[in-house]
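Welcome, and thanks for taking a look at this one with us. Below is a short briefing to read alongside the model, grouped by topic.

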Amino acid sequence: MNKNPRKRGGPPGRNKRGGSKFSMNRDPFFSNNKRRKKDEDEDIESEEEELDGGMLNGGGESGEDEEDEELTPEETAEEKRQRIAKAVVENLRAREKELEGEEDEEGDREFEKEGERDSSVAKKLMQQQLEESGRLRRAIASRVQKPESVDGFELLVKHRQSVTAVCLSDDDSKGFSASKDGTILHWDVDSGKAEKYQWPNDEILRSHGAKNPEGRATKHSRNVLALAVSTDGRYLASGGLDRHVHLWDTRTREHIQAFPGHKGPVSCLTFRQGSSELFSGSFDRSIKIWNVEDRAYMNTLFGHQSEVLTIDCLWQERVLAVGRDRSMQLFKVHDESRLIFRSSTSSLECCCFIDNSEFLSGSDDGNIELWSVQKKKPVYIVKNAHTSLTDVNNGELKDNGRNYNGHIASSWVSSVGVCRGSDLAASGAGNGSVRLWAVEGAGKGIRPLYDLPLTGFVNSLTFAKSGKFLLTGVGQEPRLGRWGHNSAARNGVAIQQLKLL
């Protein structure tokens with residue numbers, strides 16, 4: 001037995017002529033000397049195996065297996081992103097190969113084709129990333145041809161009452177619309193063939209999470225004010241006067257969940273693109289975040305001092321919202337912070353993202369504002385964008401010039417929309433036309449393109465991703481009230497085909 005404790009724990013191959021202190025320079029394991037003895041290497045390996053087996057796994061083979069299973073890590077977020085990215089690349093490669101439509105070849109020719117295919121995939125991914133990040137904007141506005149008088153809006157889907165919301169699936173093939181009478185329709189864009197969503201009875205609603213009506217109400221209101229469809233097209237969300245967010249399965253058109261929590265009517269909804277996060281804005285001045293996959297509530301965002309009217313969201317966890325407190329706020333969910341943009345003279349009615357750094361808004365004085373994330377005031381204002389065509393001298397004016405009989409109220413900018421990732425925008429009001437705009441950036445402003453005649457209050461605007469058509473939700477009354485009425489309007493969803501050069 002070695003009685004020297006310092007010598008007992010020393011590493012093999014220690015230079016005995018040296019001092020008592022251990023030096024790595026003298027250890028043959030750290031040196032570049034390749035002339036090691038075979039028995040020393042075997043001793044080192046056996047000691048490591050004994051140390052690993054005895055201290056970590058209890059010295060048994062079964063312990064090693066159990067420890068390997070316990071130490072096997074789950075898939076991290078980075079690994080998941082890499083896996084999804086590889087799948088996207090493989091799908092693009094397969095799509096490029098299908099477009100070529102040629103049989104596989106052998107040798108150098110096939111190798112050259114694979115190189116060209118990979119180069120094409122890389123260019124598409126780079127362009128997509130630039131468009132989504134807002135650093136590259138598609139030039140569509142300059143390609144839009146002037147519509148002829150005969151090529152006006154066509155009524156695609158009819159509703160009994162005023163349409164309050166319209167949204168499109170990600171592939172632009174299916175559309176969804178809702179009206180004040182609670183009707184939710186799912187229709188085909190090409191044919192206009194519509195199918196109706198059936199509301200369940202109160203007992204089923206309670207089993208799906210709905211709470212009993214509060215106040216004097218005896219049953220859940222069917223008045224729908226907002227719609228939103230997920231990026232994958234699986235879920236449709238609706239909200240209205242019953243203070244609930246309702247979730248529907250688009251494949252079966254069945255009600256699957258009701259989210260309570262808001263203390264006021266749900267006025268606006270939006271999905272974060274590419275995710276299952278749903279944002280809902282309400283008259284209770286709050287914005288709530290839900291996860292539709294888990295059917296769970298996540299968080300609440302506060303900041304507005306009055307009713308939240310419109311919200312919008314892109315790929316990032318940033319929510320743009322306007323309210324009746326004359327402010328537009330950009331909520332950075334991940335950073336738990338917000339930016340406040342003030343409107344000096346009017347109440348903002350609607351908003352939408354152009355990209356991550358610029359956005360549009362419409363106000364009740366008929367103006368359209370272009371905003372930049374770098375400034376708290378509008379960088380460009382289009383005044384009287386929707387001048388009322390009706391004589392207001394005979395109307396009864398109330399509330400600082402607003403007319404609840406529909407005259408001045410018809411010039412309010414009630415909706416704005418942008419073709420995602422492009423410079424093409426549109427705005428709607430109740431003055432009898434939808435206007436197309438070219439967004440030239442914060443430095444140059446907004447340039448008017450064309451006026452598209454349409455009778456009624458334009459309560460919702462949605463562009464196709466390709467920019468080839470524009471959908472509008474039109475009605476005889478405004479979306480959030482009854483302070484205006486146009487009996488000549490037809491309630492429904494109208495489509496305007498856009499011809500591009």
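A contact here means heavy atoms within 4.5 Å. On that basis, residues 24 or more positions apart account for 48% of the contacts in the protein chain with a separation of 6 or more. Please keep in mind that this is a predicted model.

**The chain as a whole**

- The protein chain holds six helices and 28 strands.
- It has 501 residues, and 45% of them count as buried.
- Its accessible surface comes to about 28,000 Å², with 46% of that belonging to carbon and sulfur atoms.

**Strands 26 and 27**

- Is strand 26 enclosed or open to the outside? Seven of the seven residues of this strand (residues 457-463) are buried, so strand 26 is largely enclosed by the rest of the structure.
- Strand 26 runs antiparallel to strand 27 (residues 469-475), and six bridges join the two.
- Within this pair, F457 stands opposite G475 of strand 27.
- The two strands form a hairpin with five residues between them. In the turn, G467 has a positive phi of about 80°.
- As a general point, strands of a sheet pair through backbone hydrogen bonds, either parallel or antiparallel.

**A closer look at T472**

- T472 lies in strand 27.
- Buried means under 20% relative accessible area. With 0% relative accessibility, T472 therefore counts as buried.
- Leaving aside residues up to four places away in sequence, T472 touches F153, V166, V434, L454, V458, S460, L461, G492, V493 and A494.

**Nonpolar cores**

- In soluble globular proteins, nonpolar side chains tend to be buried together.
- The largest nonpolar core has 20 residues, of which L424, V434, L436, F463 and L470 touch the most other members.
- Strand 23 (424-428), strand 24 (433-439), strand 25 (446-453), strand 26 and strand 27 each supply at least two residues of this core.
- What does L470 touch, not counting residues up to four places away in sequence? Its contacts are F153, A426, V434, L436, L461, T462, F463, A494, I495 and Q496.
- A second, separate core of 15 residues includes C352, I354, V416 and V418.

- Four strands make up an open sheet in the order 2-3-4-5, with antiparallel pairing.
- Strand 2 (163-168) and strand 5 (194-196) are the edge strands, each pairing on one side only.
- From one strand to the next, the twist in this sheet averages 20°.
- Strand 4 (residues 184-188) and strand 5 run antiparallel and are joined by three bridges.
- W187 has A194 in strand 5 as its bridge partner.

- Strand 15 (residues 318-323) pairs with strand 16 (residues 327-332) over six bridges in the antiparallel sense.
- The bridge partner of R318 is K332 in strand 16.

**What the record says**

Definitions and conventions
Residues numbered from 1 in each chain as written. Predicted model: local features only at pLDDT ≥ 70, side-chain atom pairs only at ≥ 80, totals over all residues. Heavy atoms only, no water. Buried < 20%, exposed > 50% of the residue type's maximum accessible area, 1.4 Å probe, protein only. Pairing = 2+ DSSP bridges. Core = buried A, V, L, I, M, F, W, Y, C linked by side-chain atoms within 4.5 Å. Areas by Shrake-Rupley, 256 points an atom, 1.4 Å probe, with all protein chains shown as cover. Axes fitted to C-alpha atoms, helices over the stretch in contact; angles between N-to-C directions.
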